[in-house]
Amino acid sequence: KGPKPLAGRKAVVTSGPTHEPIDPVRYIANRSSGRQGHAIASALAKLGAEVTLVSGPVTIQDPPGVTVIHVERAEEMRDAVLAALPADIAVMVAAVADWRVASASDQKIKKHPGESIPTLALTENPDILKTIGHHTMRPKLVVGFAAETQDIDNNARTKLDRKGADFIVANDVSPATGIMGGVRNRVKIVGRDGIEQWPDLTKEDVAAKLAALIAERLRQA
Ligand code: C5P
């Protein structure tokens, strides 16, 4: 048995949601368990990569054999990902909130009966995948995810170009699929040279197949 295929390679993976504070007790978030991202970090480590996992708030355990950096907000996640460069591989799996509250309150916003209801002014969060995909220290292989509920192929191909990724792992997250928060996933791999549908697999098996695909691509490069 030879050396592990990703020995000597560095990878950075994002996983989980981000929490964008409204005030000290409230936040805006996306739905994400972190299962798929954590499984990918684990699978890359098993193939010998030195992995930094930047995780938003999740309830699952830190995977063994991986350096885990815990963050709350998108801006913190972006900073942690940039601090992990240079890397050979970036897999951005986190469900990053697209917007944050423009000026979060230092104090809990109080409810005053009979008074007007607060409105929240939002501002755009940094797009971490896009930042990495167009960075001067761009990793050799940049992989993004696309969780869609409609027009999956077109959305994924557009995302591939816009974000400067090599692959987009696209999945249908319509509530009926049970993928969100579940243990299984059915994905399509959208690359520059076409689309490949993978069967219904556990998130661990999707992770293992993706890690193998990444290793193969780097070997050819
Ligand atoms: O644009 P959309 O959110 O659908 O793109 C999804 C992909 O982009 C995922 O890989 C996600 O991790 C990444 N992303 C990011 N930063 C954002 C938004 C999305 O890294 N602010």
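Which residues surround the ligand? In this predicted model, local features need pLDDT of at least 70, side-chain atom pairs count only at pLDDT 80 or more, and totals for chains, interfaces and linings use all residues. Residues are numbered from 1 along each chain as its sequence is written, and side-chain values use heavy atoms, with hydrogens and water left out.

**Ligand shell**
- The ligand is surrounded by Met92, Val93, Ala94, Val96, Pro126, Asp127, Ile128, Leu129, Gly144, Phe145, Lys159 and Lys163, where a residue is near a molecule if one of its heavy atoms lies within 4 Å of it.
- By class, this shell holds 8 nonpolar, 1 polar and 3 charged residues; Asp, Glu, Lys and Arg count as charged, and Gly is among the polar ones.
- At least two shell residues come from each of helix H3 (128-133), strand S9 (141-148) and helix H4 (152-163); these are DSSP runs, with helices (H or I) of at least four residues and strands (E) of at least two.

**Ligand atom pairs and burial**
- A ligand nitrogen atom lies 2.9 Å from a polar backbone atom of isoleucine 128.
- The protein buries 86% of the 450 Å² that the ligand exposes when taken alone (Shrake-Rupley method, 1.4 Å probe).

**Serine 15**
- Serine 15 belongs to strand S1 (residues 10-15).
- Serine 15 counts as buried because its relative accessibility is 1% (buried means under 20% relative accessible area, with a 1.4 Å probe and protein chains only).
- The side chains of serine 15 and histidine 38 are joined by a polar contact of 2.8 Å (a pair of N or O atoms within 3.5 Å; within protein, one must be able to donate a hydrogen and the other to accept it).

Definitions and conventions:
Buried means under 20% relative accessible area, exposed over 50%, partly exposed in between (1.4 Å probe, protein chains only).
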